[in-house]
Amino acid sequence: MEANREKYAADISSIKEAHERIKPYIHRTPVLTSESLNLISGRSLFFKCECFQKGGAFKFRGACNAVLSLDHEQAAKGVVTHSSGNHAAALSLAAKLQGIPAYIVVPKGAPKCKVDNVIRYGGKVIWSESTMSSRETVAAKVLQETGSVLIHPYNDGRIISGQGTIALELLEQIQEIDTIVVPISGGGLISGVALAAKSIKPSIRIIAAEPKGADDAAKSKVAGKIITLPVTNTIADGLRASLGDLTWPVVRDLVDDVITLEDCEIIEAMRMCYEILKVSVEPSGAIGLAAVLSNSFRNNPSWRDCKNIGIVLSGGNVDLGSLWDSFKSSK
């Protein structure tokens, strides 16, 4: 892995440095287990509960590392990002802790609970249209007007390194893990986890979980190049982004497989998280459990020897009204 230091945007050294940097600010999130879910899945499952992280999601790790990596002059001008969800809140909170402004470009239609978090943490909300081009155009305008620093939600080495700290903790907490299942969207989380985990334990399997309505990563793996989708359609609002040029090489080289799930499977996994694990998890966070329970995973002989599986519950920010509607519509 050391030979790849120049190859990827992050490595085990940058991830360990990130962990030391952010340790005073983040929660070392617990790992939960459930005998009931072990029986249902036929494996030993270990849930890394990033839904208990500050801001309600793993994103605080990367945002905190990025903000703390700025020099004094950069930090004084503040930070800007475009995000519909957890990164927006995470960056707002990280900036607030350092006493610097955060300008957050939010697309119309973003989940209310996530916008409320941005406002609660002191982020300055600037609205854009829902398209990526509109988000980027508005963010560029804010950059020009404020001189602030752009912190991309996932396509940034500082972000990838911060997210990779999850794997450092998980493999300290549960050393026997042989597989980690991670949600995939832009790829910041799974890139960090894969780089850290495979450096510590080269034999470990890293499996991505992705909605069928936003399956660009699965298509990209098959094509051997980044594939972007013209539209996405999934309840998992946190998993609608496309891979970046910094995350794609890690996904291409170090992610062993991508399992795609129907929304009904994601909703059922959310229900199990609530009813059995007693944890509030958003759709994007529940998809790892959905993957392990899916027929495509259970019936694949390649994964038969995956016995001790780490599952990243990536976030717990969900509108209860939307959650209730999704449960009713899935019946």
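This is a predicted model: local features need pLDDT of at least 70, side-chain atom pairs count only at pLDDT 80 or more; totals for chains, interfaces and linings use all residues.
1. On the α1 side, the contact with α3 is made by A18, R21 and I22. Helix α3 contributes R61, C64, N65 and L68. By class, this contact of α1 with α3 comprises four nonpolar residues, one polar residue and two charged residues.

2. Helix α1 also meets helix α8 (residues 157–173): the two axes come within 8 Å and cross at roughly 90°. Helices α1 and α8 are therefore roughly perpendicular to each other.

3. Which residues make the contact of α1 with α8? From α1 they are I12, S14, I15, K16, A18, H19 and I22. From α8 they are S161, G162, G164, T165, L168 and E169. The residues of this contact divide into five nonpolar, six polar and two charged. A18 and I22 of α1 take part in the contact with α3 and also in the contact with α8.

4. The largest pocket holds about 950 Å³ of space. It is lined by 46 residues, of which S84, R135, D237, R240 and A241 are the closest to its centre. The elements that give two or more residues to this lining are α5 (86–98), α7 (132–146), α8 and α9 (188–200).

5. How is the lining of the largest pocket divided by class? There are 17 nonpolar, 21 polar and eight charged residues in the lining.

6. As for the chain as a whole, the secondary structure comes to 15 helices and 10 strands. The radius of gyration of the protein chain is 18 Å, close to the 20 Å that the globule rule gives for 331 residues, so the chain is as compact as a globular protein of that length. Along its principal axes, the C-alpha trace spans about 55 × 50 × 40 Å.

How values were computed. Residues are numbered from 1 along each chain as its sequence is written. Side-chain values use heavy atoms; hydrogens and water are left out. Contact means heavy atoms within 4.5 Å. Helices (H or I, at least four residues) and strands (E, at least two) are DSSP runs, numbered from the N terminus. Ala, Val, Leu, Ile, Met, Phe, Trp, Tyr, Cys and Pro count as nonpolar, Asp, Glu, Lys and Arg as charged, and the others, Gly among them, as polar. Axes are lines fitted to C-alpha atoms, for helices over the stretch in contact, and angles run from 0 to 180 degrees between N-to-C directions. Angles under 35 degrees count as roughly parallel, over 145 as roughly antiparallel, 65 to 115 as roughly perpendicular and the rest as oblique. On a 1 Å grid over the protein atoms alone, a cavity is a set of points where a 1.4 Å probe fits but cannot get out, and a pocket is an open set with protein on both sides within 12 Å along at least five of seven lines; lining residues have an atom within 4 Å of a point. Grid points are joined across faces, edges and corners, and a volume is the space filled by probe spheres set on the points. The radius of gyration is taken over C-alpha atoms; the globule rule is 2.2 Å times the number of residues to the power 0.38.
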